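Here is a short briefing on one protein model. Keep the sequence and the 3D view open while reading.

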Amino acid sequence: MNTSYPQSSFSTDAAAIDGFIDLVCSGFENPEGITGTVQVDIPEYPEGGFLVHFAGKAGIERGKSSLNADTTVTIPIATVHRIFAEFETLDWRDPEIIGTIRFAGNLALANHLAKCCLRPSDQTVARFNRAGRLHARKGYRELAVLEKLHQPTQRQILEAMDEGRPVIIAGLEPEPPCRDWTLERLVERYADAVVRVRSANQRQTMAEFVAELQAFMARPHDEIIEGFVKPYTEGAALPEEMWPDFGPLFFEREDFIPPQLWLGAVPTHVPTSSLHRDPLTGFLLQVIGRKRLDLYSADQAELLYPMKAYNNYQPCWFKPEKPDYATYPKAKDAEYLSITLNPGELLVQPAGWFHQVHAIDSPNMSVSYFWRY
Ligand SMILES: [Fe+2]
């Protein structure tokens, strides 16, 4: 738990609103100098609403209702309470949360504000600090090649994890479940599996998602512009009916939190996941197409401008695909190791490594398992 924010103190509605404002203000960062205003309305408490001005820090005007705000966000008090109860684990994509909130206007501003409300647990912070010290001691910043283990033993994998050293596992036997998968075969086998949940009442099955994917891939490439909504499942829960076909390998299912699915088509120059790090060790099984991962050791955190408000993963302000060295000058000194993950290979990435992921081929599919411990 994050001891800076005792959740028990948000027991009344008024305290929850105060605490919410405090989270927004203390988690606010704005290195890119985005400007604008967001009106936050809480329908049960018309006086409890407030206006946020984006500037060097978040300026708050309480009890204010502005019809001219760039963005209006309407959050029921029950959701405000839930944000506090869960800020260490909250996933804004959860339809039970996002489905209760109404947005109007500039969504980028609302998105920025939503990020401010997240906080890491003390355990996550401790893990990242530990990884930073370990990577510095091991000199991983200079790591030039990743070891590829051919049909390793459990023990070899555990040793690498213990040393905080990523490894690629190849030669998976017996018959890797990840071999020879295609979109057609996925639809044949899992047509009705729910692969993406967009809101409280919008669900997409494998058959529907693959149809969208194929339509997207049939479009001429030059129609794909920046800011498009990529047909990608973004780590949605792997449908349970798919679990038997997609690992986990080497260890028991109970050793991992529930698996995630990364299926879609994304142009090579657009990251499928932008630069971030995870507090748990990730096992990434590549199923269709190749992925490229650029890995940065944890001791380089200061060079990558990680966000201070985060929970399940820590994104960076610095974007390697569009490097802005005027705003993020230290990033010039960051060093990374670029690896290609082929279908049938498994990457074991110990906690704390920063990584950015690109799909070399589309369609592309991976399944990730995070080590529970
Ligand atoms: Fe990740």
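I75 sits in the loop that links strand 4 to helix 2 (77-86). The model is predicted.

**I75 and its surroundings**

- I75 counts as buried because its relative accessibility is 4%, and the cut-off for buried is under 20%.
- Leaving out residues up to four places away in sequence, I75 touches F20, V40, D41, I42, P43, V80 and I101.
- I75 and T100 are 25 residues apart in sequence, yet their C-alpha atoms are 7.0 Å apart in space.

- Five strands make up an open sheet with mixed pairing, in the order 3-2-1-4-5.
- Strand 3 (58-62) and strand 5 are its edges, and each pairs on one side only.
- On average, neighbouring strands of this sheet are turned by 20 degrees against each other, direction ignored.
- Strand 2 pairs with strand 3 in the antiparallel sense, over five bridges.
- F54 has A58 of strand 3 as its bridge partner.

**Helices against the mixed sheet**

- Helix 1 lies across strand 1, strand 2 and strand 3. Its direction is at about 160 degrees to strand 3.
- Helix 4 lies across strand 1, strand 2, strand 4 and strand 5. Helix 4 runs at about 65 degrees to strand 1.
- Which residues of helix 4 (residues 107-116) are buried? They are L109, A110, H112, L113, A114 and C116.
- These buried residues of helix 4 pack against helix 1 (13-27). They also pack against strand 1 (36-41), strand 2 (50-54), strand 4 (71-74) and strand 5 (102-105).
- N106 caps the N-terminal end of helix 4. A side-chain oxygen of N106 lies 2.9 Å from the backbone nitrogen of A108.

**The two domains**

- Contact between them involves 16 residues of domain 1 and 13 residues of domain 2.

- Another five strands form an open sheet, in the order 15-12-18-14-16, with antiparallel pairing.
- The edge strands here are strand 15 (314-315) and strand 16 (337-341), each pairing on one side only.
- Strand 12 and strand 15 run antiparallel and are joined by two bridges.
- R277 stands opposite Q314 in strand 15.
- L275 belongs to strand 12. L275 counts as buried, with a relative accessibility of 1%.
- Leaving aside neighbours within four places in sequence, L275 has contacts that include Y296, L304, Q314, P315, C316 and F318. H355, an iron donor, is also in contact with L275.

**Strand 13 and its partners**

- Strand 13 (residues 282-288) is mostly covered, with seven of its seven residues buried.
- Strand 13 pairs with strand 17 (residues 346-349) in the antiparallel sense, over four bridges.
- L284 stands opposite L347 in strand 17.
- Strand 13 also runs antiparallel to strand 19 (residues 364-370), and six bridges join the two.
- I288 has M365 in strand 19 as its bridge partner.

**The iron ion**

- Which residues coordinate the iron ion? H276 (NE2), D278 (OD) and H355 (NE2) do, at 2.1 to 2.2 Å.
- The donor residues are spaced H-x1-D-x76-H in sequence.
- D278 lies in the loop between strand 12 (273-277) and strand 13, and H355 lies in strand 18 (residues 354-359), so this pair ties together parts that are 77 residues apart in sequence.
- Are D278 and H355 buried or exposed? D278 is buried, and H355 is buried too.

Conventions:
Residues numbered from 1 in each chain as written. Predicted model: local features only at pLDDT ≥ 70, side-chain atom pairs only at ≥ 80, totals over all residues. Heavy atoms only, no water. Buried < 20%, exposed > 50% of the residue type's maximum accessible area, 1.4 Å probe, protein only. Contact = heavy atoms within 4.5 Å. Polar contact = N/O pair within 3.5 Å; in protein donor to acceptor, adjacent residues only side chain to side chain. Pairing = 2+ DSSP bridges. Axes fitted to C-alpha atoms, helices over the stretch in contact; angles between N-to-C directions. Donors = N, O, S within 2.8 Å, 3.2 Å for Na, K, Ca; no water.
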